[in-house]
Each structure stands twice: as structure tokens, then as C-alpha cells.
Amino acid sequence: MAKQTTAFTCTACGAAHKKWAGRCEACGAWNTIIEEAPLSQGPGRGLGAAKGRAVPLSGLSTSEPPPPRSLSGMAELDRVLGGGLVPGSALLVGGDPGIGKSTLMLQAAAAFSRRDLQAIYFSGEEASAQIRMRALRLGLADAPMRLGAETNLRNILTTLDAERPDVAVIDSIQTLWSDTVEAAPGSVAQVRAAAHELVTFAKSRGVAVILVGHVTKDGQLAGPRVVEHMVDTVLYFEGERGHQFRILRSVKNRFGPSGEIGVFEMTGAGLAEVANPSALFLSERGQPIAGSAVFAGIEGTRPVLTEIQALVAPSTLASPRRTVVGLDSGRVSTILAVLEARCGIPFAGLDVFLNVAGGMKVAEPAADLAIAGALLSAREDNPLPPEAVLFGEISLSGALRPVSQTENRLKEAQKLGFSQAILPDASKAEGTSGMALRRITDLTGFVGEVFGAG
Ligand code: TYD
Ligand code: MG
């Protein structure tokens, strides 16, 4: 006789517990643990008693055409989606409150509707009159999309089933509530149940469903991390409040490459697409100054140039400051350690501030050399050559490793008027003429080459 296993789950955080308790140890919430029905264990488990149906299997070759794509006509959005929206797919668009998710989704729904797709936008946060006013301001009032103000999942599904639109936006997943789940709207249990029903609906009826979700400060979707696994595509809308740029980034995409970015600018009339982000990110560069390095990066499939800025100043603190914005601070610590250990250039007793201009985030290891360049330039108070871009990964030994897509990086740099690249020696770059290539084998060589003897 198989042992009966009963599971207890916290409805606030989703943690599983072996036994019931008044307080969830994982999230600290009171009275949130419920007993979940055990997995059904029918009579006779195991092969001998197998009564299942044989699943028809098939090979990999197919004569079916690839799924059709619906284009919004917003080139930045279509690219991030991997070439347009796939009918019947489920998407999650996450981002901090106030970053512009509702604005972007309203613009996207209007754009789809102008291309003869049926689009419905459900808002649980704003009244229809409010959304209409925004649409008027954004110049979308004539778009043939439709609005609904609703938070009840059952009503939304009924409406969608009757209308069968091509695209439905749900803004936001945290405001939905389903009467079958006894938990507050926005709780994990509600969000999971609502997302599950909407995703199932999207698949079975061929309606593309876009879920909007708020993210907490530390970058996690408030509660519904689980939703990320259910949907086909996860997009993050990010940016700094004080800056006008917004970046839509695909972190997961079953229908295209992930890591792709689309760049927008928040204007008085909504989000405007930025076709040439490198020019925008470098637009604030003036006279050559110490501590500035231009990094030739790759975001998804496109090259993007960004400016990395460093400031190094004597510290009055026992443990000096290391303030890093837009870069991985662990990576920066490693580079500081390599500079000290391999090149004998200490940063002890110095405060270090590093950031990426314009509120961009850079996660590529290829940025190592540009970070080191900005740090050294700031420390030596000696500007890097203003016509140069930098890229390359630094290993713990201080050696420079080549990175992918060297030629794409060089072409973008050349397009923006740079004439020199400082790059790892082993980089393969045949097809680029007109760029002076300064090939570097290790960090010590870089210090000598760019800053004299160091
Ligand atoms: P919103 O789309 O409501 O953000 P979210 O849905 O992510 O919470 O956008 C909020 C901000 O965008 C708000 O602070 C004002 C700004 N905004 C503009 O600057 N221009 C505009 O045309 C619109 C509609 C909003
Ligand atoms: Mg909103």
C-alpha cells in the first residue's frame, strides 16, 4: 500500500511544507498554509498495471510551415518578439511600476489593431475613461482596438471566448482574481491560477495573450516567478526613472532569440522607437575626459555602443566605496583584484564609482576591458583616445580573451565614427578595413600600451 502523501502549500509564497503550520516559515505570513489534494494514486501503480493510452510518436522532420507572425509595425517591438507575435502564444511583460508598461502595451494593441488584427486591452488598474484620455494624448484615439475594465478572471475569459480576438492584453496579472481560489488578488496562488487559465486559453483558442506584471525592486516579479515558466516569452521593460530611455529585453523566447533588446524613448506623446541606440547612448559625450570608455557591446543580435564612466577619488572610509550602476558589481570587484594582483595597480584607499551612461545595463563579460580602461583612465587622470572603442574579456590571470561577433562590433563602431579599436589579440577580424586595431594580449600590455609604462 503506497504511503499517502499530502502536501501543504503556502498561498502567499508558494512554499511547500510537510505539515500544516500557522505561520509559513518561508515568507512569515500567518494563516496562509492550505492542504492541497495529493496526486491521484489510482489502483495498481507501476508497469504491470499500466492502463494508460499509448501516445502517438512522431519524427522531427516536418512539412508544416513555421508559425505565421503578426507584425505590429513597431520595429523595436517586433524584433524583441523574434520577428512578430506568434498567434496563440502567451507573453509576460514585466517591469517596475511607472516604467511605462501600460503605455507600451496600449500603443502595441493600437498598432496591432491598425494592421487589421483584433486587439482587446483589459485594464484592472485604470478606468476606461482614463485609458481613452491617455490614448487621445498618444494619438491613438482612432485605432480600432477595444477596451475593457475588469479584474474578474471568469468575466475576462468569457469575453475573450465570445470575441476571439487575435491579441489580448491583460494589465496587470496582479489585479486579477479568480473566484475558484481563496486568496487575495496579487498573491502567488491567484496569480498562478489566473496565468494558468489564460495561458491554457491562449493555446487552445489561438489568441495571443500578453500578461503585464509588476516587478519588485530586486528585479523579481512580485510573486509570480512561476508565471515565467508557463509563458512562451518573457519580456522585461527596464530603465531608470530619471532617464528617458526604456529598454524592452527578451529574457526568454520560445519563438526567437532571447537577449534581444528594443530601445524606446519616453516622450510627452508616449514611447518613441529609437532606431539607432548607439547614437543615443553616446550623445552626451563631449570633450575627452578621464574615466570614460566606449564599449562596443552586443545586445541580443545587434551591436550597441555604450559609454562606461568611472570616477576614482581618495577615500576617507576604512573600507572604500564601490558604487556600481548598470554593471555587475561582482565582475567589477574581480577586475579591480586583477588590476591589483597582476598589474600592481592598487585601488585600496580609493572610492570607485562606475556606471553606464544613460541608464543602460551591460551584462556581457566582453565589457571587462572597457571597465578596466575606464578605471585606469580615471585613476591616472588620463583620457583614453576619444576615437577608440574597447572590448574583451579579462581572465583571472590578467590575459585577454577574445569575444564573439568581433566584426559586428567593429562595424557598428565604424558607423558611429570611431577609427580605432582596442581588442584582444586573438580576435578574428578580417572583414573590417579602415579601423585601426590595437591588439592586446594581457592587461599589463594594455596598461603599457595605453597609459605609457603604467
Ligand atoms: P505607465 O505606462 O502607466 O507605467 P506602468 O504601467 O509601467 O506602471 O507609465 C507611467 C509613466 O509614464 C508616468 O509616470 C508618466 C509617463 N508618461 C509619459 O512620460 N508620457 C506619456 O505619454 C505617458 C502616457 C506616460
Ligand atoms: Mg500600468
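Ser172 sits in the loop between β7 (167-171) and α5 (188-205), where helices (H or I, at least four residues) and strands (E, at least two) are DSSP runs numbered from the N terminus. A cis peptide bond, with omega about 0°, joins Asp171 and Ser172. Another backbone feature belongs to Arg164, whose phi is positive at about 45° although Arg164 is not a glycine; Arg164 lies in the loop between α4 (153-163) and β7.

This is a predicted model, in which local features need pLDDT of at least 70 and side-chain atom pairs count only at pLDDT 80 or more, while totals for chains, interfaces and linings use all residues. Residues are numbered from 1 along each chain as its sequence is written, chains are lettered from A and ligands numbered from 1 in the order in which they are written, and side-chain values use heavy atoms, with hydrogens and water left out.

According to UniProt, in an unreviewed entry, the feature "domain: RecA family profile" covers residues 66-215; such positions are given in the numbering used here, feature names are shortened, and annotations may be inferred rather than shown by experiment. The span 66-215 is 39% helix and 18% strand, and its end C-alpha atoms lie 33 Å apart.

Around ligand 1 there are 16 residues, of which Gly98, Lys101, Ser102, Thr103 and Gly270 come nearest; a residue is near a molecule if one of its heavy atoms lies within 4 Å of it. An oxygen atom of ligand 1 is 2.6 Å from a polar backbone atom of Gly98, an oxygen atom of the ligand is 2.8 Å from a polar backbone atom of Lys101, and a backbone N or O atom of Gly100 lies 3.0 Å from an oxygen atom of ligand 1. The protein covers 72% of the 560 Å² of accessible area that ligand 1 has on its own, as given by the Shrake-Rupley method with a 1.4 Å probe. At least two residues of this shell come from each of α2 (101-114), α3 (128-137) and β11 (261-267), and α2 gives the largest share, three residues. By class, the shell has five nonpolar, seven polar and four charged residues; Ala, Val, Leu, Ile, Met, Phe, Trp, Tyr, Cys and Pro count as nonpolar, Asp, Glu, Lys and Arg as charged, and the others, Gly among them, as polar.

Grid points are joined across faces, edges and corners, and a volume is the space filled by probe spheres set on the points.

The second largest pocket has a volume of about 230 Å³. Of its 20 lining residues, the closest to its centre are Arg285, Gln287, Ile289, Ser292 and Glu307, and β13 (292-299), β14 (302-314) and β17 (388-390) are the elements that give two or more residues to the lining.

Notes. On a 1 Å grid over the protein atoms alone, a cavity is a set of points where a 1.4 Å probe fits but cannot get out, and a pocket is an open set with protein on both sides within 12 Å along at least five of seven lines; lining residues have an atom within 4 Å of a point. A polar contact is a pair of N or O atoms within 3.5 Å; within protein, one must be able to donate a hydrogen and the other to accept it, and residues adjacent in sequence count only if both atoms are side-chain atoms.
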